Amino acid sequence: MIRIVIAEDQGMMLGALGSLLNMEEDMEVVGMAKNGEEAVALVNAHDPDICILDIEMPVKTGLDAAEMLRGKDCKIIILTTFARAGYFERARKAEVRGYLLKDSPIEELVSSIHAIMAGRRIYAPELVDIAYGDDDDTENPLTERESQVLGLVAEGKTTKEIAGELYLTPGTVRNYISTILDKLGVGNRIEAISRFKEKGWFK
């Protein structure tokens, strides 16, 4: 019996996926999580053969969880609607065994699970194409100081707090943030953090 943990923050999707996999004769869903942190705890508690992770989840993302579970016997499958180069690169470095599109038919997921249990890696071709067709855009355009400023923004620090920590004036911090938004081609701080994360540029 292939024992499986699933992590997906959309309750309906989580329930449907669990039900469909439980209908397979040789599969049993032993745990269902709504975020990456819960997924790691369930894997540690149940020692499953497979852990299926959505990428975009609260608390810890699927990629965060995959990185934490790297080196365990549990084989990781990432399900995503996001065909982005930075995501694939992080998944590859975390040694995930499967990287599949979320809207693939259930039959494809089931056959991928069997193939992965047999020792293969299964990456959706369209995700790989995008990952390696985006080479000219995978360099971090920010300087080390700009990356540092954005990292502090991502931690929830205010302009004043960042200025105090980096020994800058608030005006200089605002100038840095304006430059960061321009370089990343985004309209606000939230989008900047999201783009930086999806590219895998946070250290």
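**View 1. Helix 9 contributes the most residues to the lining of the largest cavity, namely 3.** Welcome to a predicted model, in which local features need pLDDT of at least 70 and side-chain atom pairs count only at pLDDT 80 or more, while totals for chains, interfaces and linings use all residues. Residues are numbered from 1 along each chain as its sequence is written, and side-chain values use heavy atoms, with hydrogens and water left out. Searching the whole structure turns up 1 cavity of 30 Å³ or more. On a 1 Å grid over the protein atoms alone, a cavity is a set of points where a 1.4 Å probe fits but cannot get out, and lining residues have an atom within 4 Å of a point. The largest cavity holds about 40 Å³ (a volume is the space filled by probe spheres set on the points, which are joined across faces, edges and corners). Around the largest cavity you will find Leu150, Val153, Ile177, Ile180, Leu181, Arg189 and Ala192. Two or more of these lining residues come from each of helix 7 (144-154), helix 9 and helix 10 (helices are DSSP runs of H or I with at least four residues, strands are runs of E with at least two, and both are numbered from the N terminus). By class, the lining of the largest cavity has 6 nonpolar residues, no polar ones and 1 charged (Ala, Val, Leu, Ile, Met, Phe, Trp, Tyr, Cys and Pro count as nonpolar, Asp, Glu, Lys and Arg as charged, the others, Gly among them, as polar).

**View 2. Helix 8 crosses helix 9.** The axes of helix 8 (residues 159-166) and helix 9 (residues 170-184) come within 8 Å, crossing at roughly 105° (axes are lines fitted to C-alpha atoms over the stretch in contact, with angles from 0 to 180 degrees between N-to-C directions). Helix 8 is therefore roughly perpendicular to helix 9, a term for angles of 65 to 115 degrees. From helix 8, Thr159, Ile162 and Ala163 meet Pro170, Val173, Arg174 and Ile177 of helix 9. Sorted by class, the residues of this contact are 5 nonpolar, 1 polar and 1 charged.

**View 3. A closer look at Thr159 in helix 8.** Thr159 is buried, at 14% relative accessible area (buried means under 20%, exposed over 50% and partly exposed in between, with a 1.4 Å probe and protein chains only). Besides its neighbours within four places in sequence, Thr159 touches Pro170, Val173, Arg174, Ile177 and Arg189 (contact means heavy atoms within 4.5 Å).

View 4. A pocket is an open set of grid points with protein on both sides within 12 Å along at least five of seven lines. Of the 19 residues that line the largest pocket, Thr61, Asp64, Arg90, Lys197 and Phe202 lie nearest its centre. Helix 3 (62-69), helix 4 (85-93) and helix 10 (189-198) are the elements giving two or more residues to this lining. Helix 10 gives the most, with 5 residues. The lining of the largest pocket consists of 9 nonpolar, 3 polar and 7 charged residues.

**View 5. Val59 and Glu95 each sit in a loop.** Val59 is not a glycine, yet its phi is positive, at about 65°. Look for Val59 in the loop between strand 3 (50-54) and helix 3; with 59% relative accessibility, Val59 is exposed. Glu95, also a residue other than glycine, has a positive phi near 60°. Glu95 is found in the loop between helix 4 and strand 5 (98-101), where Glu95 is partly exposed at 39% relative accessible area.

Notes. Parallel < 35°, antiparallel > 145°, perpendicular 65-115°, else oblique.
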